[in-house]
Amino acid sequence: MAAVLGGDKLSYAELYDRYTPLIRAICYDTTRNLTDAQDLAQEVFLRAYEKLGELRDTELFSRWLIGISRMCCKEWLRGHLQLRKHQTTLEPENLETKEISNDGQIEELRSAITKLPEKERLALHAFYLQENSVEDACRTLDMSKSGFYRILDRARKRLAKLMQSLPEDKR
Amino acid sequence: MNSPIDEKLKRVYEVFYHDHDRLRGNLLGSLPAQPCEPPLSRNVFKLWYFLGGTKMKRQIVAAAIAAAIMLLALNFWPVNSKDGIAWADVVRQIHEVKSLVWVWNEEEIDSAYSAPKVKGRWKCYYKDPGMSREDHFIVGTTQPSVLPDATERCNRINIRGMTPTKSNSYDLAVLEKKAWIQITTFSPPITRLPTEAMAIWSKLGRITSDKTCKIGHKEINGIACVGFEAHINAFEPRIPMKGKVRVWSEKDTGIPVLVELQYQAKGGTYISGTTIDHIQWNAVLSDDLFKLPDLKGWKVEEVRSSSEQVFFSCTRLRNDIPFQVRRKDGTLILNVADVFSMKKGGIYTTLTNGKLKKQVEVFAVLNQEGRDKIKKIWAKGQNLELLADFNGKSQSAGYVPISNNGPGIMIDITSMNITPKEFEDNYLTSGN
C-alpha cells in the first residue's frame, strides 16, 4: 500500500486483480448489466486510487473499497432513474438482466442472486470470487468464520428455493 | 461444497473475469500520477482501530461498554432525584417513624358534585413507644371551649399509654367535665400494641407495592409530592367496601404529606371520606402531652381491668361433648363437626367504682364449613347473639368477633363457673 501511495501503479494493479471481480459483481447487483458493471467498477477503482491517502488502516482496504462501490452504485442508480424519468421511451425492462450467457439456467441463477438480501449476496460474491477461500472472504467482509458460514449457508438455501420456484423449463 | 448449485455458481461468477486485462490496462492508463496525500486534519481518534476484530465482535464490545455505562449511571444516579421513590419508601418511613402529629378530617360527601363536608376533626399525636393522644375538635358549633389553654374548641380527649403488660387509657369529655380512666393489665404480655391512633398508619404500612400505582405529581403546601393509589380493600381487607386510598408523599423522601380515603356507594358515588393532613413527621413531642391532666372538679369514673389468657395444650373437643351453638329462637347454627380446635381461654376482670365483674371466655377456631355458616349470618345482617352449649345443661352467650372474616368465635362460659384451665381438663383432649 505504501508503494501505491508512492505512485507505484503496478502495485495498484495487483490490488485491482485481486478485488475487481468482487467489485464488478457488487456493481452488477445494481446495474444488472455486465458492461455497466464493468464501467462502474472502473469508476470505483479510479476513485479509490484518488482517495487512497484518506485510508487510515490499510487492512481495511477491501471494506473501504466495498463502501466506495456501494456509494458509486447509489449514484449510478440515482442518475439512471432520473434518466428514465426524462426518456419516456425507456421501458422498465431496461433495468432487467441482459443475458450475458447462452445458458438459461446460469442466467436465472444470476438473476436469483440479485434477489437475495445484500449480506447474503456479498457472502456469495466474496466466496466464489476469491477462489473459495473462506479466510479471504471473511477478511474482505470483516466477518467471523462462523458468521460467514451461517450467512453463506442461508444464501445457498434461499437460492436453491428460488430456483425451485421457477418453471420446469427454466430450471 | 460441490453440490450442483455450487458448480452453477462458479459458472455464474466466471463472467466477472471477462475482459479483465483490457480493463486493467485502461484503468492504469487513466490513473493520475500519484494518489492524494492523507489529509492531516482528519487524523481522528477512532476507537474501532483499538478494538480490532470483526464487525460483530466490535458490536458486542460496543454493546457491553454501553451496558456497563448504563449500569454505572443507574448505580450512581441519585434514586430520589426526580420521582425515584417507590411505595416501599413510603412504607419504610411509616415503619421507622418515632413520633407523629396529624389531623384526621372525617368528611361526608352528599353527591359527586358537592364539596366534602367535614363531620369531625381529630388532632392526633403519637410517640414511640405506645403513647398516643387524640383531641376531638368541635365542628360547626359556637360552644365555648372548656380547656382554658386550648386554642381551639375541644370536646373530647383520649390519651393512651401502652406497654406490653399495661394499658392506661384516659377518656376525657371536656365539655361535660367527665373523665373515664381505664387501667388494664395483660397477662401474659401482649405482643402487638393495639395503638388506636396508629391504626391508620399500620394499615397503610401493610399495603403491598403490587396493589399500588403511581398517579402523578402534585405540589402540596409548597412540597413537591408523588401520589400513590390503591383500592380501599388493600387498606381494609376485612371490610368489603368500594373506594380508594391515595397517599401523597414527598418526592425525595417518601414521607407522607396527605392521605385521602374515599368510600363509594354501590352506584360508584363517593359517600364519605377521610383526609389526613398537617402531618408532622418525627415531630418533637413532650411526654407531658400524654399525661393525665389535673381533674379537680371533674366527675371521674375509674375502671381497672385485667386480662389473663391461657393457650390450651389440648385443643380438640372430646367426642362425647354435645357442643352446639343456637340462635335465641333455637335454630341450630354450629355443632361439634364445625369446630376445628379450641385455641385459648381468658379471665377478664373489671373493677368499676368498687364493683367487680368477672368474665370467662374461650375461643373456638372453626373449620371452613363452620366459618361459611357464620359468614352467611353476618352477610344477612342478622342478630349475632348466639347461645353456646357444652354440657347439655348450661347455656352461655357466644359472639362473633367484629372482624367477620375471623377464624372463629368467642364463647362466654362464665355461667359454667369454671376457669379456662378446668375447661381444658374437662372438655378437651389432645387426640384427633
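This note sets out points on the interface of chain A and chain B, and on selected sites in chain B, in a predicted model.

1. Extent of the interface. The contact between the two chains involves 50 residues of chain A and 39 residues of chain B. Together the chains bury an area of about 4200 Å². Carbon and sulfur atoms account for 64% of that area.

2. Elements on the chain A side. Six elements are to be named here, each giving two or more residues to the side of chain A that touches chain B: helix 1 (2–5), helix 2 (9–31), helix 3 (34–50), helix 5 (104–114), helix 6 (118–128) and helix 8 (145–164) of chain A. Helix 2 of chain A supplies the largest share, with 10 residues. By residue class, the side of chain A that touches chain B consists of 26 nonpolar, 10 polar and 14 charged residues.

3. The site of Asp338(B). This residue sits in the loop that links strand 15 (332–335) to strand 16 (339–352) of chain B. Asp338(B) counts as buried because its relative accessibility is 2%, and the cut-off for that class is under 20%. Beyond its neighbours within four places in sequence, Asp338(B) is in contact with Ile333(B), Leu366(B), Asn367(B), Glu369(B), Gly370(B) and Lys373(B).

4. The hairpin of strands 7 and 8. In chain B, strand 7 (residues 212–220) and strand 8 (residues 223–231) run antiparallel and are joined by 8 bridges. Within this pairing, Cys213(B) stands opposite Glu229(B) of strand 8. The hairpin has 2 residues between the strands, and Asn221(B) takes a positive phi near 50° there.

5. Ala86(B) belongs to the loop between helix 4 (55–76) and helix 5 (87–96) of chain B. With a relative accessibility of 35%, Ala86(B) is classed as partly exposed, since that class lies between the limits of 20% and 50%. Although Ala86(B) and Cys213(B) are 127 residues apart along the chain, their C-alpha atoms are separated by 9.3 Å. Cys213(B) is the residue already noted opposite Glu229(B).

Conventions
Residues numbered from 1 in each chain as written. Chains lettered and ligands numbered in written order. Predicted model: local features only at pLDDT ≥ 70, side-chain atom pairs only at ≥ 80, totals over all residues. Heavy atoms only, no water. Contact = heavy atoms within 4.5 Å. Buried area = accessible area lost by both parts, 1.4 Å probe. Helix = DSSP H or I, 4+ residues; strand = E, 2+ residues; numbered from the N terminus. Nonpolar A, V, L, I, M, F, W, Y, C, P; charged D, E, K, R; others polar. Buried < 20%, exposed > 50% of the residue type's maximum accessible area, 1.4 Å probe, protein only. Pairing = 2+ DSSP bridges.
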